[in-house]
Number of protein chains: 2
Amino acid sequence: MGEQLYQRVALIGLGLIASSMAHAMRRAGMTCEIVGTARSAETRATAEELGFCDRVAATAAEAVKDADLVVLAIPVGAMEAIAKEIASNLTPGATVTDVGSVKKAVIEAVAPHLPKDVHFIPGHPLAGTEHSGPRAGFAELFDNRWNILVPDEKTDPGALERLTRYWQALGANVDTMDPDHHDLVLAVTSHAPHLIAYTMVGVADDLRRVTDSEVIKYSAAGFRDFTRIAASDPIMWRDVFLTNKDATLEILGRFTEELFALQRAIRTGNGEQLFDYFTRTRAIRRGIIEAGQDTDAPDFGRQGKKS
Amino acid sequence: MGEQLYQRVALIGLGLIASSMAHAMRRAGMTCEIVGTARSAETRATAEELGFCDRVAATAAEAVKDADLVVLAIPVGAMEAIAKEIASNLTPGATVTDVGSVKKAVIEAVAPHLPKDVHFIPGHPLAGTEHSGPRAGFAELFDNRWNILVPDEKTDPGALERLTRYWQALGANVDTMDPDHHDLVLAVTSHAPHLIAYTMVGVADDLRRVTDSEVIKYSAAGFRDFTRIAASDPIMWRDVFLTNKDATLEILGRFTEELFALQRAIRTGNGEQLFDYFTRTRAIRRGIIEAGQDTDAPDFGRQGKKS
C-alpha cells in the first residue's frame, strides 16, 4: 500500500487541514518525508510535540526546499506573502497547491509570483470542523469529501493526475471546476451560510432582555447549530469574505430579498406561503442524504456522548 | 421503579414528541395507561402497529376520558379546536399540558375553553429532531433537555410539582418562565434561526447558475447544517411563525440590521470589524458546550456512519 506519489511534501501552515493531511498521509501508508512550517512559534512547537511531521522548519522558504509537493494551508489573506517568500526556493517541476476556500483571489495572489517551471494547481477540500489548530487534525477528515481542483488550460495533465491520486489516497473525491464557478457555488453552500450564522449568534449576544445564560441554557436546535458554525476560525473567515466579496454579497442580496418576502408572509399571516416554502426546502435535505454527504440519523445535539 | 404520578395519560397527537414521551414513560417504568390519538387514521394505524400506546382512541374527546394527565402534542394552530373538543370530557382535577413551541398563543387558544376544575399548565420541551411522525420517536429525546413550564399565579403548586416530577422522570430538566419571556427567548434561540435556515436553503434552490446537483454534491458545513434545520415539519413551523409573529419579526429586524452592517464591512473591506465580530461569537459556543447542551466533538457531517 501507499503509492509513492511525492518524495517530500511541504505543508505551509499547520492548522486543522494540514495536520489532518499529515495524519491521512500516514494512514495511507505514504512514506514521503513530511516537512511542516507555521508562522507562529507556538504552532511549530505543538506540531513538534505531536510529531505528525518528519521535520518542522522555521520558515516557509526553508520548508519548500527540495519538496515536490507544496501545500499552502494558510488563510487566504496570507497567500501572497508566502508565495513571494517561497518562490525562489521552489524545485523545478514541483507542484504547488493550496486549500483556500476561495479560488479566484488565491490565483491572483499566488500565480504571478511563482516561477514558470512549477505546476500551480489550486484546490479546495470541502472539509472542516469548527475546531482549528494543529491539535484539531485527524486522518478521517477528508473521507468521502470533495476536493475541488482548479486547473487551467495550461495545467500539465500529468501533474493534475498525480495530485488527484494524492487526494484520493487521502480519502477524498476529486473534481475540477473553473475558479469563478467555484467561488459562486461556495458562496451559496458555505460562505453566505457562515455569515448568516455569525450574524444570528451576534444578535443573540447583543440582546439585553435575553441574558447570555438564557441563550446558552435554552439553546435549542437551530441556534445551537448556528453557534457551531459561528465558532469557526475568525481569521480564515475574515479572509474568505474579503476575497470572495462579489459572490458573497450577491447571494446575501438574494437571501435578504427572500427573507423579506417570508417576513411579509408572517406579518400578513399568509400560512399557505410559509407552508409551501418549508415543504420545498425538505427536498434538498433528502438530496444531500442520498448523495452521502450527511446521514439521516436524528441530530439532537449530543453525538458521541452518553447521557 | 417508576413513581406512579398519573394513572392514565392521554397523548393528543402522535408525532415525534408524543411517541418519544410514550417511549420515555416506558423506560422510566411508569405503569400508567397510555391512551393516544391523532387526527389522521394513518398515524393512528402506525401507532397501533408500533404499540407504544396501550390504546389508540379514534377521537381526542374519547382519549381524554378518565385521564389525569392530558398532553396536547399537536401543531399550535390545531390547539383551539382540540381544546373545544375535549373540554366537556375532561376529568375534574386532571392536568392539561401541551408541548407547543409558543406559549402566549397557546394559552389564548386553549385556556378559555377548559373547565375551571382542571389544571392547565402549558409547557415546551426544548427537544426535537428534523424528523417527524410516530416512527421518529425514541426514549432518549428529552434526556438533559429543558422543559419550560409556564404556570401562572393561580396554578396549583401540587399539580405543578407533579408535572415537574413527571418530566424529570422522562429525563428532562424543568424550569418555569412567563409566557411573554418564553416567546422572546425562543424567537432568538429557535424561531428566527429556523426561518433563516429555511430562507437560505430556498435561495440555493432558486439559484439557476448553481444547479441543484452542485448544491447537494458540494454541500459543505454551513449549508448542510441549514438543510437539516430546514427539513423540520412544515406545519409545525408555519404555526410557530404565525403565532409568535411579534417576537419573531422583532428578532428578524435586528438580524437584518446586523447583517447589513456586516455586508457593509465586506463591501468596504473592513477586515478588523469582521474579525472582531467572529471572535466574539466563539464565546457563546463555548458556553453552550460548558452548559452540557452540545458536545465538543467535531461535527463533519457523518455521525453514525463509517466511511
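This is a predicted model: local features need pLDDT of at least 70, side-chain atom pairs count only at pLDDT 80 or more; totals for chains, interfaces and linings use all residues.

Mentor: Residues are numbered from 1 along each chain as its sequence is written, while chains are lettered from A and ligands numbered from 1 in the order in which they are written.

Trainee: What is the order of the strands in the open sheet of chain B?

Mentor: Helices (H or I, at least four residues) and strands (E, at least two) are DSSP runs, numbered from the N terminus, and two strands pair if DSSP finds at least two bridges between them. The edge strands of chain B are β3 (55-56) and β6 (119-120), each of which pairs on one side only. With six strands and parallel pairing, the order is β3-β2-β1-β4-β5-β6.

Trainee: How many bridges join β1(B) to β4(B)?

Mentor: On one side, β1(B) is joined to β2(B) by five bridges in a parallel run, and B:Leu11 stands opposite B:Gly36 of β2(B). Towards β4(B), B:Val9 stands opposite B:Leu69. The strands β1(B) and β4(B) run parallel, and the number of bridges joining them is four.

Trainee: Why is β1(B) described as largely enclosed by the rest of the structure?

Mentor: A residue is buried if 20 or more other C-beta atoms lie within 10 Å of its own, exposed if 12 or fewer, and partly exposed in between, with C-beta atoms placed from the backbone. Both faces of β1(B) are covered, with B:Arg8, B:Ala10 and B:Ile12 buried on one side and B:Val9 and B:Leu11 buried on the other. The strand is largely enclosed because its buried residues number five of the five.

Trainee: Which residue is the bridge partner of A:Val35 in β3(A)?

Mentor: In chain A, strand β2 (residues 33-37) has four of its five residues buried, so this strand is largely enclosed by the rest of the structure. β2(A) and strand β3 (residues 55-56) of chain A pair in the parallel sense over two bridges. In β3(A), the partner of A:Val35 is A:Arg55.

Trainee: What is the handedness of the β-α-β unit made by β2(A), helix α2 (residues 41-50) of chain A and β3(A)?

Mentor: A crossover is right-handed if, with the strands pointing away from the viewer, the path from the first strand over the helix to the second runs clockwise. β1(A), helix α1 (residues 16-27) of chain A and β2(A) make a right-handed unit. The unit of β2(A), α2(A) and β3(A) is also right-handed.

Trainee: Within what arc do the buried residues of α4(B) fall?

Mentor: Helix α4 (residues 79-86) of chain B has B:Met79, B:Ile82, B:Ala83 and B:Ile86 as its buried residues. Taking the directions from the helix axis to the C-beta atoms, these residues line one face of the helix, because they fall within an arc of 105°.

Trainee: What distance separates the centres of domain 1 and domain 2 of chain A?

Mentor: Domain bounds come from an automatic or database domain assignment, which for chain A gives domain 1 (8-176) and domain 2 (181-290). Two residues are in contact if their C-beta atoms, placed from the backbone, lie within 7 Å, and 13 residues of domain 1 of chain A are in contact with 16 residues of domain 2 of chain A. Taken over C-alpha atoms, the separation of the two centres is 30 Å.

Trainee: Which helix gives the most to the side of chain B that touches chain A?

Mentor: The contact takes 99 residues from chain B and 99 residues from chain A. Among the helices of chain B that each supply at least two residues to its side are α7 (179-206) and α12 (271-290). With 18 residues, the helix that gives the most is α7(B).

Trainee: With which residues of chain B is A:Arg280 in contact?

Mentor: A:Arg280 lies in helix α12 (residues 271-290) of chain A. This arginine is partly exposed, with 16 other C-beta atoms within 10 Å. Leaving aside neighbours within four places in sequence, the contacts of A:Arg280 are B:Gly202 and B:Asp205.
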